[in-house]
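I am opening a new page for this chain. These are my notes on what I looked up.

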Amino acid sequence: MELNEDFACTLASLILVDDDVAITAEKLIAILKAAAVEIEPIWPKLFAEKLGANVRDLITSVGSAASVASAPVAAAPAAAAAADKKEAKEEKKEEKEEEEEDDDMGFGLFD
């Protein structure tokens, strides 16, 4: 399996975060060398510069943002279910009216 350079740096960054170690280019390079992953030297520098110490906050805030974003999504099926119930009631009402109309004719099928 070929490992992308950015994916390798991501995994190395997660290893550092899991061990509560600051993310630096040198530490990323050390982990990648230990894993026998060859990458261009720019990748660890970019990851160390952009990620910094905010990785744990970033990971923990993703879950809370997803739950807030899922609230409107959860409301959509509820609205659809309410609309379906309303349609079912209307259909039932129409069927009942049709049955009443048949009874009003004064004769049934077996009379």
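Is Ala-36 buried or exposed? I looked it up, and Ala-36 is exposed, with a relative accessible area of 66%. Here buried means under 20% relative accessible area, exposed over 50%, and partly exposed in between (1.4 Å probe, protein chains only).

Before going on, I note that this is a predicted model, where local features need pLDDT of at least 70, side-chain atom pairs count only at pLDDT 80 or more, and totals for chains, interfaces and linings use all residues. Residues are numbered from 1 along each chain as its sequence is written, and side-chain values use heavy atoms, with hydrogens and water left out.

Entry on Ala-36. I find Ala-36 in the loop between helix 2 and helix 3 (42-51). Helices are DSSP runs (H or I, at least four residues), numbered from the N terminus. The phi of Ala-36 is positive, about 60°, although Ala-36 is not a glycine.

Entry on Asp-20. I checked the loop between helix 1 (5-18) and helix 2 (25-34), where Asp-20 lies. Asp-20 also has a positive phi, near 55°, and is not a glycine. Asp-20 is exposed, with a relative accessible area of 63%.

Entry on helix 1. I list Ala-8, Cys-9, Ala-12, Ser-13, Leu-16 and Val-17 as buried in helix 1. An α-helix has 3.6 residues a turn, so residues three or four places apart point the same way.

Notes. Helix = DSSP H or I, 4+ residues; strand = E, 2+ residues; numbered from the N terminus.
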